[in-house]
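Visitor: I would like to go through this structure step by step. Could you please guide me?

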Amino acid sequence: MTAHKTDEYILAFETSCDETSVAVLKNGELLLSNIIASQIESHKRFGGVVPEVASRHHVEVITTCLNDALAEAKITADELTAVAVTEGPGLVGALLVGVAAAKAFAWAHQLPLVPVNHMAGHLWAARQVKPLAFPLMALLVSGGHTELVYMAAAGDYKIIGETRDDAVGEAYDKVGRVMNLTYPAGKEIDALAHQGQDVFDFPRAMMKHDDPALEFSFSGLKSAFINTVHHAQQKGQTLDQADLAASFQAAVLDVLIAKTQRALAAFPVKMLVVAGGVAANQGLRQRLADEISDVEVIIPPLRLCGDNAGMIAYASVCELTQGHLADLTLNARPSLTFDS
Ligand code: KG4
Ligand code: ZN
């Protein structure tokens, strides 16, 4: 393929957790490639991501992912406009592999280097569906984060509510472990939930009027779930897995929907974006469709809900436009937040 002088191609790297991913984005809208190498098989037996194992796998496959991303996009290094990379948040050793690869590539080909916040990436995955309109509200739900983000304009992120303890995805994975499900358990609990009933009436935290309106807490729900299962085990009873899943998911979704509705009431916006790994949840998608009617809801396609470099490429567009570049001293920032 011969590139037009006006065409812009961004190469993006994502290695913050357990997916090694490299993507090429054309003109800020068309993903020409989005190679995702998942390491999940290596982590399953440990019931969670082992940081050192993750870093080693990233090192092993990142060059192949890069070559595959360029080949699938039919783009050479000379045609690229910029290199984007996740700088944080995430596992430090894992992030460093992507940052080192992006810096080396940018230096070798004399390209601008664009650092990207992983959570901004999750949010901008929605750009695959259509151009984002501002002001915008985002509900970001992943394995490490649960937050409501208000965006007055592109690149302007303000957290208006977040979890005080566990992230939603983390709660799914922890109760999944108690149910003897394979890590990560979100997808399986979602599937089971559709076959059961909400019979356990688990707590919905911070929903009273005097509670902080937009904050979340999932550790009480997780503990109530674990206690219920353990008490039953002590009495020699086996609880119905589908009912457990349905009850847990109903409690999670009641809170996510209620807090999102409160946020939308407090901050009028043109669009609601729901993104991150948990945005793949079919129950959540159904309830958003049924219960959020006065604002347009955009949810990225399933492949872009989990970690991938395509979302990092989308998020890098406004950073590049606004001149937010890094030099070769760029480091990983494992605790990066929108406010830091
Ligand atoms: O965004 P992500 O891929 O990685 C992080 O940045 O954390 O999110 C992974 C999380 C895991 O906790 C996983 O259990 C959860 O997303 N997840 C789901 C579903 N699919 C993945 N949670 C609920 N329902 C799903 N269908
Ligand atoms: Zn993520």
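Guide: Let us begin with a term: a residue is called buried when its relative accessible area is under 20%, exposed when over 50%, and partly exposed in between. Please keep in mind that this is a predicted model. Phe202 has a relative accessible area of 4%, so Phe202 is buried.

Visitor: And Phe200, what is its relative accessible area?

Guide: The value for Phe200 is 25%, so Phe200 counts as partly exposed.

Visitor: How are the rings of Phe200 and Phe202 arranged?

Guide: Their centres lie 5.7 Å apart and their planes are at 15 degrees. Planes under 30 degrees apart count as stacked, so this pair is stacked.

Visitor: Which residues form an aromatic cluster with these two?

Guide: Phe200 and Phe202 form one aromatic cluster together with Tyr172, Phe225 and Phe248.

Visitor: How many aromatic pairs are there?

Guide: The count is 8 aromatic pairs, where rings pair if their centres lie within 6.5 Å. One of them joins Tyr157 and Phe338: the ring centres are 4.6 Å apart and the planes are at 15 degrees, so this pair is stacked.

Visitor: Where do Tyr157 and Phe338 sit in the chain?

Guide: Tyr157 belongs to strand E8 (residues 157-162), while Phe338 lies in the segment after helix H10 (309-321).

Visitor: Is Tyr157 buried or exposed?

Guide: Tyr157 has a relative accessibility of 13%, so Tyr157 counts as buried. Phe338, at 14%, is buried as well.

Visitor: Let us change topic. In what order do the strands of the open sheet run?

Guide: The sheet has 5 strands in the order E3-E2-E1-E4-E5, and the pairing is mixed. At the edges are strand E3 (30-38) and strand E5 (113-117), each of which pairs on one side only. On average, neighbouring strands are turned by 20 degrees against each other, direction ignored.

Visitor: How many bridges join E1 to E4?

Guide: There are 4 bridges between strand E1 (residues 9-14) and strand E4 (residues 82-88), and the two strands run parallel. Within E4, Ala84 stands opposite Ala12.

Visitor: Which strands does helix H2 lie across?

Guide: Helix H2 (residues 51-73) lies across E1, strand E2 (19-26) and E3, at about 25 degrees to E2. Helix H3 (residues 92-108) lies across E1, E4 and E5, at about 160 degrees to E4.

Visitor: Now the metal. Which residues coordinate the zinc ion (ligand 2)?

Guide: The zinc ion (ligand 2) is coordinated by NE2 of His118, NE2 of His122 and OD of Asp307, at 2.0 to 2.1 Å. Its site has 4 donor atoms with angles of 95 to 134 degrees, and is tetrahedral.

Visitor: How far apart are His118 and His122 in helix H4?

Guide: They are 4 residues apart in helix H4 (residues 118-124), so about one helical turn separates them. Both His118 and His122 are buried.

Visitor: What does Cys305 touch, leaving out residues up to four places away in sequence?

Guide: Its contacts include His122, Gly276, Arg285 and Pro300. Cys305 and Asp327, by comparison, are 22 residues apart in sequence and 29 Å apart in space, C-alpha to C-alpha.

How values were computed
Residues numbered from 1 in each chain as written. Chains lettered and ligands numbered in written order. Predicted model: local features only at pLDDT ≥ 70, side-chain atom pairs only at ≥ 80, totals over all residues. Heavy atoms only, no water. Phe/Tyr/Trp six-rings, centres within 6.5 Å; stacked < 30°, edge-to-face > 60°. Buried < 20%, exposed > 50% of the residue type's maximum accessible area, 1.4 Å probe, protein only. Pairing = 2+ DSSP bridges. Axes fitted to C-alpha atoms, helices over the stretch in contact; angles between N-to-C directions. Contact = heavy atoms within 4.5 Å. Donors = N, O, S within 2.8 Å, 3.2 Å for Na, K, Ca; no water. Tetrahedral: all angles 85-135°; square planar, octahedral: opposite > 155°, others 65-115°.
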